[in-house]
Structure formats: structure tokens, C-alpha cells
Amino acid sequence: MPDPLQTLEPVTTASGPALKNEMMLPAVLDPWAGHALFEAAHLAQKTPGSKVWLVSLAPKAKLQQVMMTVAQKVPFELVALDGPASGFTDSFETAAALAGAVEAIAGLDRSRLLLFGGWESASRGAGSTLQMVGERLGIAEQFQGVDQIAVREDGSMEILERIEGGKHQVSVCAAPPAVLGWATGNLPEPRNNPQVGMLNMRAVMPALQRAKPAPIANAGVAFVSVSLPKQQRETRVVKDMPAEEIAREIVAWIGEE
Amino acid sequence: MESILLLAHTEPDGSLAKPALEALTAALALGGDLTIGLSGASVEPAANQVAGAGAKRILAVVGGAFGEPRYSTDAASAEALARASGAAIVLAPATSRWSRALPGVAYRLGGRVDTHVTGLAERDGVPAVTRWFYRQRMEAVLTRTPRPWVVLLDNGCVPAWDGAAGRAVVEPVAIEAPATRTTVQGTRSPLVGEQTIRPDAKLLFVAGAGWTKKQADGAVHSADAEKLILGFLRATQASLGGSKSLVDLSGEGEAVLRFMTHMNQIGQTGATPRHAKGLSTCCHGEEPHAVGWRFIGARRAVNLDPNCGWARGKADVLYVADAFEVMARVNRLLEA
């Protein structure tokens with residue numbers, strides 16, 4: 001996705017809304033997708049016989065750019081789809097493309113599949129794509145806002161999902177397959193490992209060359225408007241005021257209705 | 001206007017929580033024939049709660065399995081209610097349960113879904129939703145032609161319906177609970193004893209990474225920071241938010257505030273809470289200001305950098321001061 005730390009400005013194109021200079025913006029792996037990838041790699045490392053595939057839909061050139069950094073983090077095999085990574089693409093069609101790519105992975109035992117992904121994204125923030133991928137793959141054990149998975153001795157999984165009020169819901173899923181949409185989890189971002197990078201990149205470049213076109217038509221969606229918020233506040237910058245006086249102002253302000 | 005199904009799951013006591021009543025307000029404002037679909041272990045209190053809302057029908061899926069928050073059972077009850085109602089628009093509050101289950105239900109129904117909707121209104125004779133893209137950086141209004149259209153309304157965007165209760169006639173929708181491999185065990189708070197996330201609080205207090213950095217005397221004072229922040233939260237019952245840099249510290253072996261977890265994070269990969277007021281301390285980054293504070297009403301900030309992002313039209317007041325000194329005095333005044 002376009003790096004959200006850049007200045008993002010909407011424009012209208014023939015195919016719907018987009019970002020100004022979208023193809024010029026640096027691309028990053030969506031933060032939630034990144035957490036999901038790191039958690040998947042962490043789990044795979046502890047579970048012999050496991051393997052991580054990274055299925056990603058984005059313009060091929062941007063995907064290559066992103067892989068230069070992501071590939072150094074953890075071992076995975078890339079399955080690339082060449083299509084839009086815009087926030088304005090519809091999750092229904094995106095899910096169809098991703099599910100199709102998962103179905104086509106050779107050697108993937110879908111009865112043992114743990115489908116990890118970002119709970120939401122920093123582009124569309126839909127929080128709906130993974131559920132539809134799961135439905136298309138026939139997986140009805142689904143969890144969203146996941147912060148933790150612990151595999152127990154009997155192979156069942158204890159899963160913590162974020163719910164209202166800053167709490168976690170605790171569920172036990174007896175066995176795969178399951179869909180887990182990750183919140184931030186608890187793992188720090190892995191350090192770059194050039195050896196892992198070299199190993200990954202051997203397969204990444206052929207995967208990019210094989211990337212199938214995955215156009216997203218946004219059928220049935222019409223954007224009436226897309227605009228930046230105009231809200232700009234008149235900030236009163238207070239310097240050289242004694243701490244006691246600031247405290248009094250803050251306490252009075254808190255008490256105002 | 002098209003027919004509308006309002007989906008609501010009941011609470012353990014059988015009643016409806018505030019988000020469901022907010023969604024009811026939005027459904028009534030949209031017009032059209034309204035059906036209310038209830039799901040839960042018991043629904044009678046909920047049905048009576050909304051008996052006076054003017055719904056044409058009240059449908060219900062009832063059973064112990066449907067009282068537990070779980071994808072497979074929630075999706076099954078929502079799907080059955082949607083099919084029984086035949087509604088074109090399926091509106092639901094964006095609770096964690098419905099947010100988990102309804103996108104999959106939209107797929108089963110051959111419909112489409114929009115989440116994090118902040119507004120729903122008729123435009124040129126068709127319903128249109130308002131939602132934000134790129135983490136609250138731009139706002140869009142959109143319409144769709146496929147039906148049913150499942151719409152998840154974010155909490156706090158409209159007032160809760162507060163009409164009179166009555167005695168409702170409920171039409172049961174009988175379904176078998178689907179087989180599932182998931183057992184719900186309960187809930188767990190990240191830290192025992194100190195509730196720091198209060199979605200209904202009037203005030204959001206946000207702590208930045210500055211609280212854990214070396215202070216003027218060259219030392220780190222994270223224990224003092226913890227005492228000051230918790231003292232303030234206890235006195236004001238404010239909700240606590242944290243910047244990404246602060247919550248990430250716990251994973252990097254640096255000095256941390258022990259009660260601060262990723263659950264508290266606001267901004268890019270965190271929450272975008274709704275509170276009437278927000279007070280930011282030691283928080284300098286652009287992200288929390290642009291994203292995490294989008295739906296905060298009155299905003300004030302305390303930090304040492306007069307040129308930080310807050311000064312650029314994000315806060316109403318920026319106090320250029322040492323947050324340790326200011327918050328110690330604030331707490332003393334609050335205690336007095």
C-alpha cells in the first residue's frame with residue numbers, strides 16, 4: 001500500500017478515486033499485514049513441518065519495492081497478484097482474487113491451513129476481506145483482532161481477540177483450518193537478516209514474474225465524493241506560563257461541560 | 001426507501017446495548033420498512049426495549065449457542081435473519097461480534113459490505129454511506145447497487161434511540177446451531193486491577209514516549225510517570241491512550257509504563273476513539289494527531305516542543321511545558 005506517512009491527497013480518475021501521484025508514492029507492507037506475517041513466521045518456526053506463504057495483491061513494481069525490505073525479515077514464499085493496492089478497491093473482489101490464489105498454491109494442505117492476515121488495513125480499513133476469503137475457502141472458524149495464539153499440547157489453539165472495553169475474548173479452536181485477522185500482536189518487528197533476504201529473494205523474483213493480473217473493477221460501487229477534512233484549528237501556543245497556572249487551566253477545562 | 005433490517009445481538013441479560021440503539025436511530029432516520037432482527041440466548045427484554053420503535057416486524061434467533069460471541073454461530077443467526085427479512089439494507093452496530101461475522105454473511109447472501117460507516121443518509125433517492133479511508137485521512141460518500149448491502153455503523157456517531165419500551169410480538173426464526181470447533185472461554189483483561197480503557201469516558205488522556213525518556217536531571221523517571229498518569233486517570237476516570245512509539249517500547253527492552261499495552265494505542269495501527277475532550281502529554285509524532293484524534297472534540301496538549309505537530313492546527317491549546325511538573329500539579333488540584 002502507499003506509505004501512509006506520506007501526504008495523501010485524493011484525485012478523481014476515469015476508474016474512480018485514487019491518490020495523487022499514487023504510483024510515485026513509496027509503498028510499504030500494510031502494518032497489520034506485517035504483524036500477521038511476523039506472527040505466522042514465529043509460529044512456523046516453533047512448529048516443525050510448517051511453511052509460510054505470503055499472498056499479496058499489489059502493482060507488480062510496487063510489490064518488488066516492498067519485498068526488498070520485507071524479504072529480509074522472515075522466511076516465506078511469495079505468491080504475487082498484479083493488481084491495485086488502493087484503499088478504494090472493494091474488499092469483495094479483493095477477497096475473490098486472494099482466495100483464488102490460495103486455492104492455486106501447490107502443496108498446501110488446506111485441512112491444516114491457518115490463514116493469517118491483517119485485521120484491517122491502513123488503506124481501506126475494511127476489516128472485511130479476510131472473512132470473505134475464509135468463506136470462499138469454506139473456513140467457518142474465524143477470529144478477528146487477534147493479539148495472541150498459543151498452540152496447546154493437544155494441537156488446539158487458544159486465541160485472544162480484542163473486544164470492547166480494552167479486553168480480550170479467549171476462545172479455543174480445536175484444530176485448523178482457521179482464519180486469524182491480526183491486530184498488532186505482541187511481537188516486535190524482526191531485525192533485517194541479509195541471509196533470510198537472499199534466500200527469500202531467490203524465489204521472490206520468479207514469483208513476481210509469474211504474478212497473475214488481478215484487476216479489481218469495483219463493480220456496483222459509486223463514489224459520490226472523496227475529500228480531505230478541512231478542519232484546521234486555531235492553536236493557542238502557550239509558552240512561559242508557570243506550571244501551576246497551566247494546571248489550573250487544565251483542571252478548569254476538564255470540569256467544563 | 002428500501003427495506004431495512006436492523007441486526008442486534010443481545011447482552012447476557014437479554015437487553016440491547018447502546019451501539020444497537022444508536023444503529024436503530026440511524027435505521028429510523030433512513031426511513032423505509034424496518035425489521036429488527038435479534039440474536040442471543042434470550043431476546044425478550046430486547047424486543048420489549050424497542051417495541052415502540054415502529055418496526056414492522058421483530059424477528060429473533062434464540063438459543064444458548066447464539067448467546068456466545070463466535071463467528072460460526074453469529075454468522076448463522078445473521079444469515080437466517082437476513083434471509084427471513086428479505087431486506088435490501090442490513091444495518092448493524094460495529095460491535096466486535098458483528099464486525100467479525102457480518103462480512104462473511106454478506107458474502108453468503110451474495111451482497112456487499114461496508115464497515116466503519118460514520119453516516120447513512122438518502123442521496124438522490126438512494127442510500128449513501130459516509131466512511132473514512134486511509135486511516136481517517138480522507139472522507140468519502142459512496143453508494144452501491146448490489147443488494148443486500150450490509151452496513152456496519154461505528155459506535156458514537158448518532159444518539160442512541162430512547163423511545164418508550166412496550167410489549168413486543170416476536171417472530172421466531174428457527175435454525176440449528178452450526179457445528180463448530182470453537183469454544184468461547186470468556187474474557188480477559190490485559191492487566192489485572194487497573195482498567196485504563198474507558199470508551200464512554202468524556203476525556204481521553206494520551207501519553208507519549210517522552211514520559212520514558214531522560215528528563216532534565218539526566219535520569220529516566222518511569223516510576224514517577226506511572227504514578228502521575230495513574231493518579232490522573234483515577235481522579236478523572238479518563239481513558240488512556242498511548243502513542244505507537246510508547247507502546248512499542250515494551251517489545252524493545254526499554255523503560256516502559258507497565259500498564260500501557262498495544263490495546264491502548266491510538267493512531268495509525270491503533271484505535272480512533274471518540275471522546276468529548278482529549279489531553280495529550282509528551283506526544284510529538286504527527287500520526288496520533290492526524291489519525292488517532294480525528295474524532296476527539298476539544299483538544300489540549302502539553303509538551304516541550306513548540307514546533308511539534310500539535311502546534312500546526314491540531315490542538316486548541318498547546319502548553320509548552322514539562323508534563324511531569326504540570327501533571328503533578330494537576331493531580332494535586334484534583335485531589336484537593
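Reply: Leu102(B) touches Ala78(B), Ala92(B), Val113(B), Val150(B) and Leu152(B), leaving aside residues up to four places away in sequence. This is a predicted model, in which local features need pLDDT of at least 70 and side-chain atom pairs count only at pLDDT 80 or more, while totals for chains, interfaces and linings use all residues. Residues are numbered from 1 along each chain as its sequence is written, and chains are lettered from A and ligands numbered from 1 in the order in which they are written.

Me: What makes Ala78(B) count as touching Leu102(B)?

Reply: Two residues are in contact if their C-beta atoms, placed from the backbone, lie within 7 Å. Ala78(B) is listed among the residues that Leu102(B) touches, so the pair meets that limit.

Me: Why is the set of 127 residues called a nonpolar core?

Reply: A nonpolar core is a set of buried Ala, Val, Leu, Ile, Met, Phe, Trp, Tyr and Cys residues joined through C-beta atoms within 7 Å. The largest such core has 127 residues, and those touching the most other members include Leu180(A), Leu6(B), Val90(B) and Leu102(B). Helix H3 (residues 71-85) of chain B gives the largest share of this core, 8 residues. A second, separate core of 47 residues includes Leu204(B), Phe205(B), Val302(B) and Tyr319(B).

Me: How do you know which residues of helix H2 of chain A are buried and which are exposed?

Reply: A residue is buried if 20 or more other C-beta atoms lie within 10 Å of its own, exposed if 12 or fewer, and partly exposed in between. In H2 (residues 60-70) of chain A, Lys62(A), Leu63(A), Met67(A) and Val70(A) are buried. They fall within an arc of 140° seen down the axis of H2(A), so they line one face of the helix; the arc is that of the directions from the helix axis to the C-beta atoms. The face turned away from the buried side carries the exposed residues Ala61(A) and Met68(A). The buried residues pack against strand S3 (53-58), strand S4 (77-82) and helix H5 (194-210) of chain A.

Me: What makes S7 and S8 of chain A a pair of strands?

Reply: Strands (E, at least two residues) and helices (H or I, at least four) are DSSP runs, numbered from the N terminus. Two strands pair if DSSP finds at least two bridges between them. S7 (residues 157-163) and S8 (residues 167-173) of chain A have 7 bridges in the antiparallel sense, so they pair by that rule. Ile159(A) stands opposite Ser171(A) in S8(A). Their hairpin has 3 residues between the strands, and Gly165(A) takes a positive phi near 75° there.

Me: How do you know that strands pair across the two chains?

Reply: S8(A) and S10(B) run antiparallel and are joined by 6 bridges, with Thr187(B) as the bridge partner of Gln169(A). Strand S12 (residues 236-238) of chain A runs parallel to S15(B), with 3 bridges; Arg236(A) has Val317(B) as its bridge partner.

Me: How many residues does each chain give to the contact between chains A and B?

Reply: 75 residues of chain B are in contact with 71 residues of chain A.
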